[in-house]
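User: I've got a chain here that I'd like to talk through with you. Could you take my questions one by one?

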Amino acid sequence: LLGILMAIIMPSFEKAGDRTKNSKLTADLKALDTAIGLYKLDKGAVPDNLEALEPDYINSGNTFTDATNTKLTYTPDTGKQSYQLKGKNTKNEEILSAGSTKTTS
């Protein structure tokens with residue numbers, strides 16, 4: 001009886017963990033989009049890397065990882081006016097931030 005109950009309950013816990021990881025990814029992408037936008041307003045261009053946002057736009061020491069625990073990918077375009085910021089969700093699908101351009105040069 002206990003085994004049957006565990007078989008029913010365990011998938012629910014796994015799905016909850018996936019939802020939490022995906023929600024954190026979405027929140028991190030939004031926070032970084034905001035920080036990059038503020039940086040661009042102040043400096044006239046997007047940063048070369050995410051570390052340039054520290055400590056004025058994000059707290060120092062943040063490690064922004066996706067739902068697969070891999071570091072987010074940030075690529076500014078050559079003119080430094082746009083960027084791509086992306087990570088993967090728990091299904092290993094690439095998620096592009098809302099502030100990202102669709103293609104980079």
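**Walking through the chain**

Analyst: The chain has 1 helix and 3 strands, where helices (H or I, at least four residues) and strands (E, at least two) are DSSP runs numbered from the N terminus. Keep in mind that this is a predicted model, where local features need pLDDT of at least 70, side-chain atom pairs count only at pLDDT 80 or more, and totals for chains, interfaces and linings use all residues. Residues are numbered from 1 along each chain as its sequence is written, and side-chain values use heavy atoms, with hydrogens and water left out.

User: What pattern does the chain follow along the sequence?

Analyst: Helix H1 covers 2-43 and strand E1 covers 73-76. Strand E2 is 83-88. Read along the sequence, the pattern is α-β-β-β.

User: What radius of gyration does the chain have?

Analyst: The C-alpha trace spans about 65 × 30 × 15 Å along its principal axes. The radius of gyration is taken over C-alpha atoms, and the globule rule is 2.2 Å times the number of residues to the power 0.38. For a compact globule of 105 residues that would be near 13 Å, but the chain has 17 Å.

User: Which percentage of the residues in the chain is buried?

Analyst: Buried means under 20% relative accessible area, exposed over 50%, and partly exposed in between (1.4 Å probe, protein chains only). Of the 105 residues in the chain, the buried share is 30%.

User: How far apart do the centres of the positive and negative side chains lie?

Analyst: Lys and Arg count as positive and Asp and Glu as negative, leaving out His and the chain ends. Each charge is placed at NZ of Lys, CZ of Arg, CG of Asp or CD of Glu. There are 13 positive and 13 negative side chains, and the centres of the two sets lie apart by 5 Å.

User: Is Asn69 buried or exposed?

Analyst: Asn69 is in the loop between H1 and E1, and its phi is positive, near 65°. Its relative accessibility is 61%, so Asn69 counts as exposed.

User: What does Lys80 count as, given its relative accessibility?

Analyst: Lys80 lies in the loop between E1 and E2, with a positive phi near 55°. Its relative accessibility is 28%, so Lys80 counts as partly exposed.
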